[in-house]
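Subject: The structure you asked for

Hi,

Here is the structure I said I would pass on.

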Amino acid sequence: METVVVQKYNLDEEQEKKEIVRHYRALLRALKPRLKKGDRELVRTAFEMAADAHKEMRRKSGEPYILHPLAVAQICVEEIGLGVRSAICALLHDTVEDTEVTLEDIAREFGSEIAHIVDGLTKISTVIDSSTSTAQAENFKKILLTLADDPRVILIKLADRMHNMRTLDSMSREKQLKIASETVFIYAPLAHRLGLYNIKSEMEDLAMKYTEQQTYKDIARKLKETKRERTRYINEFIKPIKEVLQEEGFNFEIYGRPKSIHSIHNKIKTKGVSFEEVYDLFAIRIIMDSPIEKEKADCWKVYSIITDFYHPSPERTRDWLSNPKSNGYEALHVTVMGPQGKWVEVQIRSKRMNDYAEKGVAAHWRYKEGSTQPQQESKFDQWFTQIREILSNPDSNTLDFLADFKSNLFTEEIYVYTPKGDLKILPVGSTALDFAYSIHSAVGNKCIGAKVNYKLVPLSHKLRSGDQVEIITSNKQKPSEDWLNFVLTAKAKSKIKDALKEEKRKVAMDGKAALERKLDHMKITASQYNINELTQFYKQPSALDLYYQIAVKNIDLRELKEFSLLGDKLEAPKPAPVKQPDHVAEEQVKHQIPSKKDAELIIFGESSDRIAYKLANCCRPIPGDDVFGFITASEGLKIHRTNCPNAAQLLANYGHRVVKTKWVKNREISFLTGLRIIGMDDVGVIHKITNIISGELKVNISALSIESKEGLFEGLIKVYVHDKDELDELVERLKNLDGIQSVQRLEES
């Protein structure tokens, strides 16, 4: 993937006009095969309307704003595979929000369908920069609503986000972090779910370029350095297969392509290996030009030819021909032992399947008129129905909804059958209870157990592909809080929460009656003001929670006598005044929550005495780490690493609470961090390790534990370092010791 080098913008008016016309012509060229009578004029009208509406506007980079809608339209057509109407919508996507153009103008010029899509895009954008986390999540909810309404809205939105990610260099660091995290948190999973694998991979790579700059650069450099030997290896691997395929008379394409930087990084992290040890840095792709009725047979023939030359790994063979993924992806994946003892992944698919793999839902739309298999169409449509169902619940907590929904975007799937043989697709890790809710919420709510392959199992039993499941219900059963711990699907979670809320509401009504009786006894009216006063005093999120806590006896109503009465209004008891300690300077209190203006926060240096902050336990940053500050509700300012496991969620959902931070060298302060060391269990290895840490580098050790097992040892060491440079040097020196297999920094220490 190429890295775009941003140059200073310096075109004059004449050059600008030429640049805009060049982009417009490129869009028309991309649309050429799709243009019907009268389309060219419509596209021109849309372009002129957008160019005129945005004529005074500039992007952050300095270039004319109209280049953005043109680029978004180009991505829609070339990379997502949308047509003329979507290109028109992409050209107009920012006009209603940012300019004088109204929806009525668009409807008058292009008709109601295009106006409807532009309206959907405007609605999504209006809350994108909202200052509260819930509004941010509400925005994602809106995105999904429009997706269920007309998928083109979300596809154009993905193109818009893709172009923003490609041109992120001209943004400020905080904006880069916020947009990159938001992208990886919701847009990349959506692209994945809609079958747009190329867009998903590029989005993840670009997000990583900004959130984990050093790691990104390192992997990109290593990929570049190993390109020549990879190409040589791919050619050696392909040669015998190519010859046989040609002899058999197949019409095909075969090539190797590198895996994305993000997925290589994930492998390095999850498998605990180095870059050199990631065996599948690339995948071989074989694309067959076969008629639809021979696709499957041809793919299996190719599989047979490959396995004649190379041994397959049975547990790494994936058959998505017989059971396509729920986002329409069909292919046969096999991992084989290639030359030089290297594992190689081969993906076999037809041209039509490849179109699905790259264009996802857009290809689904295109094939709709043609000969799409009913199974495929129903998969997408089933998913849209599911979204509508989850979204139709008006009072679900939006942030919970987002977390649940997101967890279902990326997961691999299993195929499970009903007693009658109907197929249900569920995420890996789903339980019998998830299956019950996938049939119907009423079945889920009454579920007491299940029979899997004719054997009785509990609700929490994890299902496997190929299981046949019969649900057992009882009218006496009702959902309980612990059910949430063993369901995985968003539908099951939202239905259980609904049922629990209903149950809670019933219990709360008893609490409400008790409170009203008590207030009546004290001759105080149960007015809205008084209820609000009590809700705030007892720190409850809502009046319903207050009633519930009273009903379950967590709040003692006898305390009410301490309240005073002003007219007909309750006044809460005053807390005893807390004396401010003398040593807390006034300055420090003032600076606890930094203002927007004071965003350039130096963590160490002259201002460190004024700003109270804590280092987050989830990632334990040390000086030199790439960090951001985050204002928490209860603990003031917390410092997180940008590659912290929680960073994407915090930056995407609470961007307004992020404070720019940077380290200033301070050699007097040491930070506790942890290392995991794995190596050969050799005599004297502990001495060598401690000698480097304490003897050579003079680093203090806080704790050390070593476990040996079958010739290998695993050591956990906690050390005090001054900054990241010192830690990096320590890691490097330990790695160079004989017999040391890996040295990794612990996320938590």
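A quick definition to begin with: a residue is buried when its relative accessible area is under 20%, exposed when it is over 50%, and partly exposed in between, using a 1.4 Å probe and protein chains only. By that scale Leu103, with a relative accessible area of 22%, is partly exposed.

Two notes on how to read this. The model is predicted, so local features need pLDDT of at least 70 and side-chain atom pairs count only at pLDDT 80 or more, while totals for chains, interfaces and linings use all residues. Residues are numbered from 1 along each chain as its sequence is written, and side-chain values use heavy atoms, with hydrogens and water left out.

Back to Leu103: it lies in helix H6 (residues 103-110). Helices (H or I, at least four residues) and strands (E, at least two) are DSSP runs, numbered from the N terminus.

Now the aromatic rings. Rings of Phe, Tyr and Trp (its six-membered ring) pair if their centres lie within 6.5 Å; planes under 30 degrees apart count as stacked, over 60 as edge-to-face and the rest as tilted. This rule gives 7 aromatic pairs. Phe237 and Tyr310 are stacked, at 4.3 Å centre to centre and 10 degrees between the planes. Phe237 sits in helix H13 (227-247) and Tyr310 in the loop between helix H15 (295-309) and strand S3 (311-312), so this pair ties together parts 73 residues apart in sequence. Phe237 is buried at a relative accessible area of 0%, and Tyr310 is buried at 8%. Trp320 and Tyr329 make an edge-to-face pair, because their centres are 5.8 Å apart and their planes are at 70 degrees. Both of these residues are buried, and together with Tyr197 they form one aromatic cluster.

Some rings have a charge over them, meaning that NZ of Lys or CZ of Arg is within 6 Å of the ring centre and within 35 degrees of the ring normal. Lys342 lies over the face of Tyr233, at 5.0 Å from the ring centre. Lys504 does this with Tyr548, at 5.2 Å.

Next, the strands. Two strands pair if DSSP finds at least two bridges between them. Which strands pair with S6? Strand S2 (residues 282-288) pairs with S6 in the parallel sense over 6 bridges, and Met288 stands opposite Ser350. Strand S5 (residues 332-337) runs antiparallel to S6, also joined by 6 bridges, with Thr335 partnering Glu345. The hairpin of S5 and S6 has 5 residues between the strands, and Gln340 there takes a positive phi near 60 degrees. In S6 (residues 343-350), 7 of the 8 residues are buried, so the strand is largely enclosed by the rest of the structure.

There is also an open sheet of 4 strands, ordered S15-S17-S16-S18, with mixed pairing. S15 (613-615) and S18 (658-659) are at its edges with a single partner strand each, so one side of each is left without a neighbour in the sheet. S16 (residues 627-631) and S17 (residues 637-641) run antiparallel, joined by 5 bridges, and Phe630 has Lys638 as its bridge partner.

Last one: in helix H22 (residues 528-537), the buried residues are Asn530, Ile531, Glu533, Leu534 and Thr535. Just after H22, Lys539 takes a positive phi of about 55 degrees.

Cheers
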